[in-house]
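Good morning, colleagues. Please take a moment to look at the model on the screen, and then I shall walk through it.

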Amino acid sequence: MHMRQVVLGCGNLFAADDAIGLKVIQYLKEHLQSELPANTLLIEAGTPGINLLDYWQAGDRVILVDAVQSGMPVGTVQRFELKDLTSRSRGKLVRDAHGLGILDALDLARVTGNLPASLTIIGIEIQDEEPYQVGLSPVVEAAIVPAAQAVQEELAKLAKMALDRRLCS
């Protein structure tokens with residue numbers, strides 16, 4: 001079975017900066033799709049809540065792109081691994097603005113044995129998640145390209161690790 005790379009963009013297009021995860025996926029589809037590794041799925045997941053678990057299989061390598069509010073400067077692109085999200089301070093790291101939060105969905109995946117083979121979050125620090133506002137603030141909009149580049153770098157790392165495993169086996 002060939003492992004897939006699943007890149008999920010989360011967010012709400014009608015909540016200002018919260019749409020950043022979706023905008024990064026749209027950018028990847030429009031500008032970089034042909035440069036991505038084979039078996040890479042780009043998915044605009046919206047605000048999936050518990051349905052987040054439906055987007056991957058246990059063997060997949062998942063990159064989640066979403067808005068974060070961690071106290072860093074607005075527009076900062078951050079990288080978190082699953083282990084970073086299991087500490088007590090995780091509530092300060094990633095906010096849960098999508099109903100049942102991403103972290104709750106990951107807890108459920110852990111309990112049900114449906115965690116992906118790897119999970120990385122590319123988080124973009126946001127300024128505003130006001131409901132019923134369309135469009136990103138200029139600082140967050142400027143983070144689309146760096147966040148897309150962070151996804152590309154993560155996919156390249158995953159491809160290299162997979163190749164190394166094949167060469168060693």
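Does Phe-14 count as buried or exposed? Phe-14 counts as exposed because its relative accessibility is 54%; here, buried means under 20% relative accessible area, exposed over 50%, and partly exposed in between, with a 1.4 Å probe and protein chains only.

Before going further, a word on the source: this is a predicted model, in which local features need pLDDT of at least 70 and side-chain atom pairs count only at pLDDT 80 or more, while totals for chains, interfaces and linings use all residues. Residues are numbered from 1 along each chain as its sequence is written, and side-chain values use heavy atoms, with hydrogens and water left out.

Let me return to Phe-14. It lies in the loop between β1 (5-10) and α1 (20-32); helices (H or I, at least four residues) and strands (E, at least two) are DSSP runs, numbered from the N terminus. Together with Leu-13 and Val-134, Phe-14 forms a nonpolar patch on the surface, with about 310 Å² of accessible area in total. Accessible areas come from the Shrake-Rupley method with a 1.4 Å probe, and for residues only the protein chains shown count as cover. Within patches, like charges are joined within 9 Å, and nonpolar side chains (Val, Leu, Ile, Met, Phe, Trp, Tyr) within 5 Å.

Now to the chain as a whole. The protein chain has 5 helices and 5 strands, and along the sequence they follow the pattern β-α-β-β-β-α-α-β-α-α. Of its 169 residues, 46% count as buried. The accessible surface of the chain comes to about 8400 Å², and 54% of that belongs to carbon and sulfur atoms.

How are the strands arranged? The 5 strands form an open sheet in the order β2-β1-β3-β5-β4, with mixed pairing; two strands pair if DSSP finds at least two bridges between them. β2 (40-46) and β4 (77-81) stand at the edges with a single partner strand each, so one side of each has no neighbour in the sheet. On average, neighbouring strands of this sheet are turned by 20° against each other, direction ignored.

Because 7 of its 8 residues are buried, β5 is largely enclosed by the rest of the structure. It pairs with β3 in the parallel sense over 8 bridges, and Val-65 has Ile-122 of β5 as its bridge partner. With β4, β5 runs antiparallel, joined by 5 bridges; Gln-78 stands opposite Gly-123, and Glu-81 opposite Thr-120.

Two residues of β5 deserve attention. Ile-122 sits in this strand, which spans residues 118-125, and counts as buried because its relative accessibility is 1%. Not counting residues up to four places away in sequence, its contacts (heavy atoms within 4.5 Å) include Ile-63, Val-77, Ala-147 and Val-151. Ile-122 and Ile-63 are 59 residues apart in sequence, yet 7.1 Å apart in space, C-alpha to C-alpha. Thr-120, also in β5, is buried at a relative accessible area of 6%. Leaving aside neighbours within four places in sequence, Thr-120 is in contact with residues including Val-62, Phe-80 and Glu-154.

Terms used:
Patch = residues over 30% accessible without salt bridge, like charges linked within 9 Å, V, L, I, M, F, W, Y side chains within 5 Å. Salt bridge = Lys/Arg side-chain N within 4 Å of Asp/Glu carboxyl O. Axes fitted to C-alpha atoms, helices over the stretch in contact; angles between N-to-C directions.
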